[in-house]
Amino acid sequence: MSSPAARIMNSGFAAWLRRDLLLAYRRRGEVASPVVFFVMVSTLIPLGLTPEAAQLSKVAAGMIWIMALLATLLSVDGLFASDYHDGSLEQMLITPQLLPLPILGKVPAHWLTTGLPLTLVSPLLGLMLSLPGAGYLPLICSLALGTGCLSLVGAVGAALTVSLRKGGLLLSLLVMPLYMPVIIFGTATVNSAVDGLNWLPPLAILGALFAASVALCPLAAAGALRVTASN
Amino acid sequence: MSQAPLLSVENLAFERDDSCLFSGVSFSVDPGDVLQIEGANGSGKTTLLRLLTGSLQPSAGDIRYLGQTLSACRYDYLSDMLYIGHQPAVKLNLSAEENLRWMVATSAQSNDTSITDALTQVGLAGYSDIPCYALSAGQHRRVALARLLISEARLWYLDEPFTSIDKQGVAFLQSCLQQHVADGGAVILSTHQDLALTGLRKYKLKSHAEGIV
């Protein structure tokens, strides 16, 4: 009896993924703003700190990671908010499928519209911040994995704060501590490569964090949504 | 052997913030029934419907589907149920057709009625590819109601389904409900309208704030 199971998977996961990607496509300007924010703030760093390549290259990896984190926080706020206001979240809660499945559909849609573009423009910012040549590949790899974690963990925070009118700041406070391991191992990956060390161990830990987030965050977000939606 | 009713509610009570919204709500619904929930504003009609969908938990009492508690048959019950709430769950950036497509894809069972046919029947024939922000509130409601034509669910829960719908729409929806109960379905709805449906029963929700009348 694999076909009913496959149908459940399909209807829970693919339908929400397709819908959220279509919605993101319709609101291209809004979706692009975290990426624009990422680029804009990164251009401020040479202006505010110093344009000297030697000093910039020391902070480049950390700065890019912090900007990526803030850009994700900006956008993850809206993950469930519009669904909450127009009633589709309520429909999501009463679908017969397991609730983590639709959430697992919505989070990749979020990553594809924020984490992936951030990852793709990051080499450009690396160039701007004089990141040494050895750091580019680790930067891309660590951001690709790390922004996945950020989206997943952010979904839990978004689920917890969805019914609050001004939930954005509280969301940041809730989620920021959980982002710490991601940023630690993300920057460690890039810095080890720049220092000529083996950069695969920190990347592997980042991968483990990602695997744990995939397994746990949809469950946590589902539980949070059940609690907040009953208010 | 007496068959267990399609849906039965026994002594349901709901408290919010330590004040009792309603208590002792009992009724049962069989195929062919239309149950209209009446009550003053704030008496808990929407809350009662949300309790039935399982998105809220009652503070006391039981909801049974075919004699089983909801936790025992969650998947079967939710697959056999369609709820249209106050908000029509219509995404403004999607067209009517795209909206309906994801709604149908995420619900468990659907019949052969195509999305285009359903939209034609609810009077949105020429509007299927216009983004919903260009449509009126009544047309949003019609998009949501088009789900009724596609769904295979036997239990329909409709919260104020006649809101912002014009006269022809009201007549169409009534005929749609009549067809559904004739086919062996059941409807529980909250509305202040007087309905002319066969099989209609009414349940008056008494709020605790009013006292026992």
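A nonpolar core is a set of buried Ala, Val, Leu, Ile, Met, Phe, Trp, Tyr and Cys residues joined through C-beta atoms within 7 Å. Buried means that 20 or more other C-beta atoms lie within 10 Å of a residue's own, with C-beta atoms placed from the backbone. This is a predicted model: local features need pLDDT of at least 70, side-chain atom pairs count only at pLDDT 80 or more, and totals for chains, interfaces and linings use all residues. Residues are numbered from 1 along each chain as its sequence is written, while chains are lettered from A and ligands numbered from 1 in the order in which they are written.

**View 1. The largest nonpolar core has 123 residues.** Ile64(A), Ala155(A) and Ala159(A) have the most contacts inside it. H8(A) gives the most to this core: 13 residues. Helices here are DSSP runs (H or I, at least four residues), numbered from the N terminus.

**View 2. Helix H8 of chain A spans residues 136–160.** Its 25 residues reach 35 Å from first C-alpha to last. That is close to the expected 36 Å (1.5 Å times one less than the number of residues). Because 21 of the 25 residues of H8(A) are buried, the helix is largely enclosed by the rest of the structure.

**View 3. Surroundings of Ala159(A).** Neighbours within four places in sequence are left aside. Ala159(A) is then in contact (C-beta atoms, placed from the backbone, within 7 Å) with Phe80(A), Ala221(A), Ala224(A), Leu225(A) and Thr228(A).

**View 4. The contact between chains A and B.** Chain B brings 23 residues and chain A brings 19 residues. On the chain B side, helix H2 (74–79) and helix H3 (96–106) each supply at least two residues. H3(B) gives the largest share, four residues.

Technical notes. A residue is buried if 20 or more other C-beta atoms lie within 10 Å of its own, exposed if 12 or fewer, and partly exposed in between; C-beta atoms are placed from the backbone. Two residues are in contact if their C-beta atoms, placed from the backbone, lie within 7 Å.
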